[in-house]
Amino acid sequence: MKTALVAGAGGFIGSHLVKYLKKEGYYVSGVDLKEPEFSETLADDFVLGDLRDPLMVESLFDKPFDEVYQLAADMGGAGYLFTGDNDADVMHNSVLINLNMLKSSVKAGVNKIFYSSSACVYPEFNQMDSENPNCVESSVYPAQPDSEYGWEKLFSERLYFSFMRNYNIDVKVARFHNVFGPEGTFDGGKEKVPAAMARKVAEADDFGRIEVWGDGNQTRSFLYIDDCIEAVYKLVQSDFNGPVNIGSDQLISINDLAKSYFDISGKKLKIKHIEGPQGVRGRNSDNNLIFEKLKWQPQVSLERGLTKTYEWINEQVRGSSSEKKR
Ligand code: NAD
């Protein structure tokens with residue numbers, strides 16, 4: 001039986017990855033500061049621990065792992081990453097996690113480690129035009145990420161590849177672009193736009209107004225969680241190291257994202273533009289490299305992904321409002 005360690009197994013993508021690896025027949029160990037919020041972990045064992053602590057990390061490797069998946073990071077949506085208020089913690093915490101995970105993996109003789117980087121590594125100057133952002137992998141240098149989160153991810157990519165060169169560990173690096181779906185954070189300040197917007201629509205009364213940060217003409221692409229996990233697994237099983245984009249290449253404006261949720265909910269709503277952190281003007285995944293190397297492309301349409309996400313968030317919102325009434 002193959003064995004895997006998933007770091008960040010209590011988070012959105014990590015908890016879905018655990019489920020996938022279990023279906024593939026792995027023995028899965030999970031570690032995180034917290035257990036998954038919305039369903040029980042399927043991991044065979046789950047350690048509640050802080051990956052900033054090198055001794056705690058070392059203790060995870062008292063059993064052998066064929067594959068390590070490193071998804072733990074101090075992260076959130078635009079309201080958490082792009083205000084500047086959390087920069088020191090974001091950089092400090094995530095760098096420590098990556099230093100510890102790499103050192104212990106090498107010491108324990110792990111063959112393969114996956115690292116989740118981000119589209120936030122791409123230079124701001126290539127993402128000023130909302131209709132034509134350039135996020136081809138090779139465009140990352142000269143570097144000018146628009147956030148400290150992006151700089152940390154870029155530094156850590158380099159850290160992983162240095163370990164690959166000097167310590168002979170097989171490293172796989174993916175740059176995720178806005179992954180969304182059920183069981184992702186949708187409130188509390190760390191939620192990202194597809195979940196935040198679904199919550200606002202679910203909470204709104206018919207004929208109400210939904211707040212959108214900025215003019216809403218900024219563009220993004222959104223990848224459904226199941227597609228993301230399949231791509232990660234394909235990358236890890238391949239002989240390609242990356243870094244490679246894992247994202248959707250279907251660009252949509254934030255205004256149109258909101259309108260899609262209006263249609264899905266059946267509510268008659270209007271957009272109210274307010275000031276707020278927006279990040280770059282446009283961002284889209286360039287999927288040429290991943291298609292060439294892994295023959296992977298997203299399978300779930302944006303409409304279907306948004307519908308499944310809305311249905312799940314709507315259930316959560318209804319559940320918590322009926323609890324409050326009791
Ligand atoms: P998430 O916040 O849901 O998951 C990250 C997990 O890491 C959390 O459960 C958190 O508790 C855990 N963690 C943080 N600090 C820790 C510590 N010191 N010790 C132990 N655990 C710790 O985020 P996610 O959306 O599942 O993202 C997973 C990875 O993918 C992250 O590295 C993130 O930067 C990257 N990523 C995600 C997206 C996206 O759209 N979701 C986009 C780009 C990159």
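Me: What is a nonpolar core here?
Reply: A nonpolar core is a set of buried Ala, Val, Leu, Ile, Met, Phe, Trp, Tyr and Cys residues joined through side-chain atoms within 4.5 Å. Buried means under 20% relative accessible area, with a 1.4 Å probe and protein chains only; exposed is over 50%, and partly exposed lies in between.

Me: Which residues touch the most other members of the largest one?
Reply: Val6, Ile13, Leu21, Tyr69, Phe114, Phe176 and Ile246 do, out of 59 residues. This is a predicted model: local features need pLDDT of at least 70, side-chain atom pairs count only at pLDDT 80 or more, and totals for chains, interfaces and linings use all residues. Residues are numbered from 1 along each chain as its sequence is written, and side-chain values use heavy atoms, without hydrogens or water.

Me: Is there a second core, or what else does the model hold?
Reply: A separate core has 24 residues, including Leu51, Phe61, Phe65 and Val110.

Me: New topic. How many aromatic pairs are there?
Reply: The structure has 13. Rings of Phe, Tyr and Trp (its six-membered ring) pair if their centres lie within 6.5 Å; planes under 30 degrees apart are stacked, over 60 edge-to-face, the rest tilted.

Me: What kind of pair do Phe180 and Tyr224 form?
Reply: Edge-to-face, at 5.7 Å centre to centre and 75° between the planes.

Me: Buried or exposed?
Reply: Phe180 and Tyr224 are both buried.

Me: Which rings form a cluster?
Reply: Ring pairs join Tyr20, Tyr26 and Tyr233.
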